[in-house]
Amino acid sequence: MRFRVAAAAALVALVAVTLALVAGSSRVGSVSARAGSEHQGLAFQRHQEEVFSKQGDSEGPASYADQVYELNAFPNSDISPAQIASAQTAGAAVRSRGVGKGKNSTASWFSLGPTDAVYPAFLNRHGSRYVTSGRITALAISPTCTPARCTVWVGAAGGGVWRTDKALAGNASWVNVSDGFFASGAIGSLTFDAAHNTLYAGTGEDAAAGDAEAGLGVYKSTDGGDTWTALAGNANFMNRSIRQIAIDQNYPTGNTINESDGRGVHGISSTTAGAVSGIPGGQPGVGVWKSTDGGSTFTLLQPIVVTGAGTQFPSSFGSTRGATDVALDPTHPGIVYAAAYNVGVWRSTDNGATWTNIHPCSVDPIAKPTPAVPVSGTCGAAADRSEFALVTLPNGDTRMYQTEGDSGPPTVKNSKGVDIVLGDQRYSRLFIANGVQSGSPTFVDKTSAGMITHTDADGNVTVDPASPGYATYNFCTGQCWYDQGVYSPAGSPNTVYVFGSFVYAEANGVSNARGVLLSQDGGETFTDLTEDAGSPSAPNGIHPDQHALVTIPGQPLAFFEGSDGGLMRSDGTLADTSSRCDSRDLSGSALARCKQLLSAVPGSLVSLNSGLQTLQFQSLSVNPANAKNIQGGTQDNGTFETSGSSVMWPQTIFGDGGLSGFDATDPHFRFHTYFGQQVDVSFEDGKPPSWDWVSDPLFAESSLFYFPIITDPAVHGTLFAGLTHVWRTLDSGGPRAFLDQHCNEFTGDFPKDVQCGDWVRIGGSDRASRLTYGLCSNDPDTIAALCPPPYMYGAGRAGGNVGWVSRTSSDGSTLWAATTTGRLFISRNANAADPAAVTFTRLDAVAPAYATNAVGAPNRAISSISIDPANANHAWVSYLGYNDTTPNQPGHVFSVTVDPLTNHATFTSLDGTGAGSIGNQPVNAVVADTNGDLYAATDFGVAKLAGGNAASGWAPAATGLPVVTVAGLTINTAARQLLAATHGRGAYQLTLP
């Protein structure tokens, strides 16, 4: 996440919240429910808007992007190449390749699936059953595609490269072709060089997002993916994310390669995502690279030393985030085009030796600066992104279709203090320029031409659908840095696809959400391809967040589309469904625009996700009453549950999926989370219509994007959650009858001023009692204003959020908690009837003044705590980040023992030394087996420490786990299993000895 810059808009953005819950997206928009279908009631939507508008103050980051940046670099501002290299070396020592086969084997991991992750029709916003998979970032297709054999390659965000030769058949029969060859499962680009029968895969996902993993270079295959070799020049791309690979066909050897790359992340855990990497000082830098020797060596083109994330580094064109696109002119040799964050589009007419900015960043400078929305930086925002497609016109000129956007129209407060939307500022749009191969081409803003706007009494600016370029207005909403693209099929210069994220406010209204748009007249008009011409009440449709699109060669209307929800295929036909607009309560220009947008939609859309096991789980939880009953939240695909099948897992609720859990004694109760402080509970086995919203009180404080929340392992109805305080409910969020009547997402009446959820802070409710509170400035003139004393838990390591909470079934009173700045706490009366009577003792500093840090306790983000069931004063604690940032306090896995009389904590590093060391790498999670064995999750697999004894040395937990980041670990106690939540390969199980 995910991240993401940001993987999500700030939680206080009302429209972002509504969208995330309803349509399975963590990002931007609002919702219009399909009449009589599966979505939440309008009463819930209105209630949700009111809750989010009251978002509390935040001493931590304001957005996912801000908070994730801190976690692995903290307390430094950047991550160095040496740190990343050490993590890779450590990962190589504790991972193995291949796929596990034995379900009950103690020596091999077994895939728990799902191979079929199913959205029931009730939960799919389109009203139809849908099989999903994880985020697809790249697509490639063979030049020959027939019903008998059509090869398509898919690049998954964390799941490697997959291939099917049956892309036009009913069963795609996917196979992973990168296992055993790649050192990273994060894929950002795929390019098939048909002239030389060579497939290139770039690792790392360049999306300015907090869960977009950094990669380890470029691989190539000359046999369709059966075997791969790493390019010799991959040292330039360590800790980088590759967006495009372009082979210059003007050189018959195929050895001239252009590549664009940017920043990526490391250290993804269940409640946090890796820091958006501060680019290290010096080489290798980011941007556009060129090789003339087949990838043995690369040169960074047009490098300019810039300062970003607190450090200096070289970057093409002076972008602080890197390049998003690079392509060769299809007709004119020697001409190369590129785009980079915040600096627009560039052209070289001498094979990359020199460059000219032919279209500077255009979207953000249009914004009118105001005190509330100041224009800052090159483009006025953090990650303005451009994408482009090149076509040859009949006269031989080159046309460029270019899209650009950032964070969508800003929201400001008017004179009444009401948030208003400035819809005429910073919206994403489409440009077209002809003859871009020479001179100073003119880029025509097709979206803004003839735009008609209206301003209401509050000051909200809206765009009239009668505007000629309305179809592409705000097409990637507020997350253009994450999902944006433009594509024109070879040989069809007037056919162009524009894709981004859903415009939710229009769904089942003026449009079908404009997720994918098609023009057949050179960008003059577009139609909406988001839903097909199937059933009017339950059509097949695409997922809200798009990342890649290709068409079948020679069939410009037959496309494959990759998104956060996997892969969809159109049948290449178009149908007129404009008559559906007549029942949408539209009139005038809105009705006319709807009819135009729906005049040519796909005849049929088909999911190709069966067998494509690439879901990105955040964590997994187990029902104490049924060891086969497992659930887990996934990035942008909701929460899934199985009762034993490793093939089909049904989705129980949509949206982003964070942590989940079951009740200790009631087998029918479970909870799930979306993103932020959003919690639902079900008293009916997670049946989709049964989810009750219990989150209202939690919006008084900030939280992590995926925040820590658990059910008490022994006490019925008790849940704990970490924000800046630890919060508690003793009755599953509230009385069931009340919640079912008033707070059910689908049927609740949500009367005015009702509070859904009865969470309370424990350990005091004032600001000073926050576990994160302390000295928040080194400026003596601002200390009193920002964070005045007293400092209940000391002045140091303040800020951030609670990052983990943990209980043990063997002790009814003890709770451990940790923060993202390295504070560690224990409470021995977390079950006190009076929440204000609960007390916490800080362990990473010496009580009672907490002025001196405990020996060995790192000043880095804590990712998990596993309490010793035999001794509640003993726990194992894992840390993100790198030893280099805390050289006096190294270590990633610690045994922490607390003296119950003095509260003195002893931190003992279990990292080990020499060949048995876990290495200098972030540890995303740690769990302890009842026999004393420890298991640690990393970006490169799962390691085991026999007996929890550092002298034993860390070793691979087992064979059979693919190369994939593991975000969370769970011990399935009753079944004697270890469960791994992977970021791109679904769920895995290891039977414990």
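An open sheet of four strands runs in the order E1-E69-E68-E67 with antiparallel pairing, where two strands count as paired if DSSP finds at least two bridges between them. The model is predicted: local features need pLDDT of at least 70, side-chain atom pairs count only at pLDDT 80 or more, and totals for chains, interfaces and linings use all residues. Residues are numbered from 1 along each chain as its sequence is written, and side-chain values use heavy atoms, with hydrogens and water left out. Strands (E, at least two residues) and helices (H or I, at least four) are DSSP runs numbered from the N terminus.

- E67 and E68 run antiparallel and are joined by six bridges.
- Ile971 has Leu978 in E68 as its bridge partner.

**Nonpolar cores**

- A nonpolar core is a set of buried Ala, Val, Leu, Ile, Met, Phe, Trp, Tyr and Cys residues joined through side-chain atoms within 4.5 Å.
- Buried means under 20% relative accessible area, exposed over 50%, and partly exposed in between, with a 1.4 Å probe and protein chains only.
- The largest nonpolar core has 29 residues, and those with the most contacts inside it are Leu112, Tyr497, Val516, Phe617, Leu620, Ile630 and Trp649.
- At least two residues of this core come from each of E1 (110–113), E2 (116–119), E34 (496–499), E35 (516–519), E43 (617–623) and E68 (977–982).
- E43 gives the most to this core, with three residues.
- Apart from this core lies another, of 26 residues, including Ala43, Val679, Trp693 and Val694.
- Leaving aside residues up to four places away in sequence, Phe617 touches Gly113, Pro114, Gly632, Gly633, Thr634, Trp649, Ala967, Ala981, Thr982, Gly986 and Ala987; a contact means heavy atoms within 4.5 Å.

**Strand E2 and its partners**

- Asp116 and Val118 point one way from E2, Ala117 and Tyr119 point the other way, and all are buried.
- E2 runs parallel to E46 (residues 648–653), with three bridges joining them.
- The bridge partner of Asp116 in E46 is Met648.
- E2 runs antiparallel to E3 (residues 130–132), also joined to E2 by three bridges.
- Val118 has Val131 in E3 as its bridge partner.

- E56 (residues 811–819) is mostly covered, with seven of its nine residues buried.
- E55 (residues 802–808) pairs with E56 in the antiparallel sense over five bridges, and a hairpin joins the two strands through two residues.
- Trp804 has Ala818 in E56 as its bridge partner.
- E56 also pairs in the antiparallel sense with E57 (residues 824–827), over four bridges.
- The bridge partner of Trp816 in E57 is Ile826.
- E56 and E57 form a hairpin with four residues between them, and Gly822 in the turn has a positive phi of about 95°.

**Disulfides**

- A disulfide is assigned when a pair of cysteine sulfur atoms lies within 2.5 Å, and by this rule the count comes to five.
- Cys145 and Cys150 form a disulfide with sulfur atoms 1.9 Å apart; at -95° about the S-S bond, this link is left-handed.
- Cys145 is buried, with a relative accessible area of 11%, and Cys150 counts as buried at 1%.
- Cys476 and Cys480 form a disulfide with sulfur atoms 2.0 Å apart, and both are buried.
- The torsion about the S-S bond of Cys476 and Cys480 is about 95°, so this disulfide is right-handed.
- Cys743 is joined to Cys756 by a disulfide (S to S 2.1 Å); the link is left-handed, with -85° about the S-S bond.
- Both Cys743 and Cys756 are buried.

**Confidence**

- The mean pLDDT, the predictor's confidence in each residue from 0 to 100, is 89 for the protein, and 87% of its residues reach 70 or more.
- Residues 1–39 have pLDDT below 50, and this stretch has 175 contacts in the model beyond near neighbours in sequence.
- Residues 56–70 also have pLDDT below 50, with 49 contacts in the model beyond near neighbours in sequence.
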